[in-house]
Amino acid sequence: MRVLASAPAKIILFGEHSVVYGKPAIAAAINLRTYVWAEFNESGAIKIEAKDIRVPGLTVSFSEDEIYFESDYGKAAEVLSYVRQAIELVREEADKNGKGITVSITSQIPVGAGLGSSAAVAVATIGAVSRLLGLELTNEEIGKLGHRVELLVQGASSGIDPTVSAIGGFIHYEKGKFEHLPFMELPIVVGYTGSSGSTKELVAMVRRTREEMPEIIEPILLSMGKIVERAREILLSDLDEKVRFERLGRLMNINHGLLDALGVSTKKLSELVYAARTAGALGAKITGAGGGGCMYALAPEKQSEVATAITIAGGTPMITEISREGLRIEEVIP
Ligand SMILES: Nc1ncnc2c1ncn2[C@@H]1O[C@H](COP(=O)(O)OP(=O)(O)OP(=O)(O)O)[C@@H](O)[C@H]1O
Ligand SMILES: C[C@@](O)(CCO)CC(=O)[O-]
Ligand SMILES: [Mg+2]
């Protein structure tokens, strides 16, 4: 039997980092996906084929007639830890530790770019392997297992990324609980800096700063939570669309400034943010953990101008749509 599952990327509209400290956040699934095939193998081992992930620490030596490969096994194993933990959690749930499983991954989501590649790979793996093992889990339950995977690998995770990847759409999230917001098309442009950041390291860095100067960092986190409350009110209001976007844009700009104050922006991210605003975006901010990766801009009727400005500033624009669907079982071959 072979099973193919897929799970989407996400953007965090408001509230990354503060959500780790129990504040609310708003996120949406987007139409870039990670695909995972799962099947049994005869060896009894877990085998992971990650087709588009770079292996760190690989050295290749060429002599006259031979090629030698050396790899830093620690680093190579670490990069696959989300997938390994996802498979192991499902095997524990299914109480079927004995069978070998091969998992094969292809992904459209840039890695370490704030678009939730870690959550999508964990959720799609759990989806495929749980179906292979005959477990009947809801998407919400799979999102919770995805959260456990992120906690095991990163040490800290709010759970917003695996939740939105599993259930899809547009959500308000707070302390493990989510609420679907009314589905709406948002005129956004995502700008990718081309560099990456590690969520594990960025979350740890914010934690250290908060421990060092709680009286300064706590009010910033509180303020981020208030931004989310206002944004939720605006999204649920019957205000005219133009007014709604203007207000959301202002909140995005404040949220970006606070993320910058936490130290998670980079020169390139801020350049893309300012380029987008100059080209007419109503608001622009980092999305996800930062340290590289992506920003997004809200740009009604200005999406192509903003995309051009992001390109000129050295980034890669992506005009994405919100994905109603979360985890999907694409194929089951008996
Ligand atoms: N296609 C993939 N195959 C295997 N592992 C992947 C894949 N995509 C992502 N990962 C895992 O996720 C890690 C990146 O996760 P990280 O949380 O640091 O960034 P992100 O999820 O892309 O961004 P953010 O958490 O800010 O949304 C990679 O180092 C790798 O371990
Ligand atoms: C930085 C963070 O808030 C969002 C990463 O997309 C981490 C998390 O919520 O787990
Ligand atoms: Mg992640």
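I sorted the shell around ligand 2 and got six nonpolar, six polar and two charged residues (nonpolar is Ala, Val, Leu, Ile, Met, Phe, Trp, Tyr, Cys and Pro; charged is Asp, Glu, Lys and Arg; polar is the others, Gly among them). A reminder to myself: this is a predicted model, where local features need pLDDT of at least 70 and side-chain atom pairs count only at pLDDT 80 or more, while totals for chains, interfaces and linings use all residues. Residues are numbered from 1 along each chain as its sequence is written, and chains are lettered from A and ligands numbered from 1 in the order in which they are written.

Next I asked where ligand 2 lies. Domain 1 (2-58 + 71-181) and domain 2 (188-318) both give residues to its shell, so ligand 2 lies between them; the bounds come from an automatic or database domain assignment.

Then I turned to α9, residues 267-278 (helices are DSSP runs of H or I with at least four residues, strands runs of E with at least two, numbered from the N terminus). Its buried residues are Leu269, Leu272, Val273, Ala275, Ala276 and Arg277 (buried: 20 or more other C-beta atoms within 10 Å of the residue's own, C-beta atoms being placed from the backbone). Just after α9, I found glycine 280 with a positive phi of about 110 degrees.

Last, I checked the record: UniProt, in an unreviewed entry, lists residues 244-310 as "domain: GHMP kinase C-terminal", and such annotations may be inferred rather than shown by experiment. I get 58% helix and 15% strand over residues 244-310, with the end C-alpha atoms 24 Å apart.

Note on methods:
The expected span of a helix is 1.5 Å times one less than its number of residues. A residue is buried if 20 or more other C-beta atoms lie within 10 Å of its own, exposed if 12 or fewer, and partly exposed in between; C-beta atoms are placed from the backbone.
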